[in-house]
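Please look over the structure shown below before reading on. The paragraphs that follow lead through it step by step.

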Amino acid sequence: EGLLLSGKLTFWYGLLYVVGVLGIVGGIVMVVNAVSRVMTGPGGWLARAGDLLLGLAGLYVIWAIFDFGLANFNFNI
């Protein structure tokens with residue numbers, strides 16, 4: 001009987017699921033913060049451009065998590 005079929009990896013899959021969900025939540029928070037600071041935040045155009053780049057990085061994180069299947073919301077082992 002293999003390691004996957006024995007159920008010994010269930011905890012690790014659950015842990016990776018939680019990490020993936022935390023990554024998605026973190027990416028969403030990055031995007032919301034960036035939009036808020038670009039619209040009304042302090043600083044000149046350079047600070048706002050940096051916040052825009054951070055927001056784009058947050059979008060990339062969210063895309064990468066879903067594209068690579070790091071959080072698929074189906075916990076069937």
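Asp51 lies in helix α2, where helices are DSSP runs of H or I with at least four residues, strands are runs of E with at least two, and both are numbered from the N terminus. The model is predicted, so that local features need pLDDT of at least 70 and side-chain atom pairs count only at pLDDT 80 or more, while totals for chains, interfaces and linings use all residues. Residues are numbered from 1 along each chain as its sequence is written, and side-chain values use heavy atoms, with hydrogens and water left out.

At 12% relative accessibility, Asp51 counts as buried, a label given under 20% relative accessible area, with exposed meaning over 50% and partly exposed in between, for a 1.4 Å probe and protein chains only. Leaving aside neighbours within four places in sequence, Asp51 is in contact with Ala34, Arg37 and Val38, contact meaning heavy atoms within 4.5 Å. The C-alpha atom of Asp51 is separated by 9.3 Å from that of Ser36, 15 residues away along the chain. Ser36 has its place in helix α1, residues 10–40, and counts as partly exposed because its relative accessibility is 41%.

The chain as a whole has 2 helices and 0 strands. Of its 77 residues, 18% are buried, and residues 24 or more positions apart account for 68% of the contacts with a separation of 6 or more.

How do the helices pack? Two packed helices are described by the angle between their axes and the distance between the axes. Here α1 and helix α2, residues 45–67, pack at an angle of about 155° with their axes 8 Å apart, the axes being lines fitted to C-alpha atoms over the stretch in contact and the angles running from 0 to 180 degrees between N-to-C directions. The two are therefore roughly antiparallel to each other, since angles over 145 degrees count as such, while those under 35 count as roughly parallel, 65 to 115 as roughly perpendicular and the rest as oblique. Residues that meet across this contact include Gly20, Gly23 and Met30 in α1 and Arg48, Leu52 and Phe66 in α2. The residues of the contact divide into 15 nonpolar, 6 polar and 3 charged, with Ala, Val, Leu, Ile, Met, Phe, Trp, Tyr, Cys and Pro counted as nonpolar, Asp, Glu, Lys and Arg as charged, and the others, Gly among them, as polar.

Gly27 is found in helix α1 and is buried, with a relative accessible area of 2%. Not counting residues up to four places away in sequence, Gly27 touches Gly58 and Ile62, and its C-alpha atom is separated by 8.2 Å from that of Tyr60, 33 residues away along the chain.

Trp63 and Phe68 form an edge-to-face pair, 6.4 Å centre to centre with 65° between the planes. Ring pairs thus link Tyr60, Trp63 and Phe68 into a cluster, in which Trp63 is partly exposed at 45% relative accessible area and Phe68 counts as exposed at 58%.

Methods. Phe/Tyr/Trp six-rings, centres within 6.5 Å; stacked < 30°, edge-to-face > 60°.
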